[in-house]
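Have a look at the structure first, then read on.

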Amino acid sequence: MRRFESAKALAAWLGVSPRQRQSGSSVRGRTMLSRTGHRSARTALYMPALVALRHNPALQAFGERLRANGLAPKAVVGAAMRKLAHLIFGVVRSGMPFDAQMAMPKLDVQDGI
């Protein structure tokens with residue numbers, strides 16, 4: 001973890017950062033995972049993301065918000081993988097245990113509540 005300056009850099013190394021598909025000014029594709037990172041680390045993060053979407057209150061609210069906005073189910077899992085990478089980075093860097101209540105207010109602000 002020490003070699004990464006930010007959680008964004010960790011997400012890029014894992015290959016879970018979003019990538020825009022664009023060609024010229026009129027042809028735009030759907031945003032997808034970049035998949036340029038470490039394949040086995042990304043694969044190892046898939047199942048924890050599925051479990052976190054079901055059992056972690058912070059990621060549950062995050063996933064429900066994305067589904068309500070019409071995001072595809074696999075894209076929701078990819079976004080959860082990225083969010084999990086950011087949470088892992090924060091826990092490791094701060095040295096404090098994970099607290100779901102600490103992550104929840106930030107999601108409320110994002111939802112506009």
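P48 has its place in helix α2; helices here are DSSP runs of H or I with at least four residues, strands are runs of E with at least two, and both are numbered from the N terminus. With a relative accessible area of 36%, P48 is partly exposed (buried means under 20%, exposed over 50%, partly exposed in between, with a 1.4 Å probe and protein chains only). Numbering starts from 1 along each chain as its sequence is written, and side-chain values use heavy atoms, with hydrogens and water left out. Since the model is predicted, local features need pLDDT of at least 70 and side-chain atom pairs count only at pLDDT 80 or more, while totals for chains, interfaces and linings use all residues.

M102 is in helix α5 and counts as exposed because its relative accessibility is 54%. S17 sits in the loop between α1 and β1 (18-19), and it counts as buried because its relative accessibility is 14%.

| Pair | Separation in sequence | C-alpha to C-alpha |
|---|---|---|
| P48 and A80 | 32 residues | 9.3 Å |
| M102 and A58 | 44 residues | 8.9 Å |
| S17 and R82 | 65 residues | 6.6 Å |

Helix α2 (residues 39-55) has the highest confidence, at a mean of 91, and helix α5 (residues 100-111) the lowest, at 61. Where pLDDT is low, the predicted coordinates should not be read in detail. Keep that in mind for M102, which is found in α5.

**The overall layout.** The protein has five helices and four strands, and from the N terminus the order is α-β-β-β-β-α-α-α-α. Of its 113 residues, 29% count as buried. Take the contacts (heavy atoms within 4.5 Å) between residues at least 6 apart in sequence: 59% of them join residues at least 24 apart.

**The core.** Which residues have the most contacts inside the largest nonpolar core? They are L10, L14, L45, A49, M81 and L84, in a core of 22 residues. A nonpolar core is a set of buried Ala, Val, Leu, Ile, Met, Phe, Trp, Tyr and Cys residues joined through side-chain atoms within 4.5 Å. Two or more residues come from each of α1 (7-14), α2, α3 and α4, with α4 giving the most, eight residues. Leaving out residues up to four places away in sequence, L84 touches L45, P48, A49, A52 and L59.

**A helix pair.** Helix α3 (residues 57-68) packs against helix α4 (residues 73-94) at an angle of about 145°, and their axes are 10 Å apart. Axes are lines fitted to C-alpha atoms, for helices over the stretch in contact, and angles run from 0 to 180 degrees between N-to-C directions. On the α3 side, L59, F62, G63, L66 and R67 meet V76, A79, A80, K83, L84 and L87 of α4.

Methods: pLDDT is the predictor's confidence in each residue, from 0 to 100.
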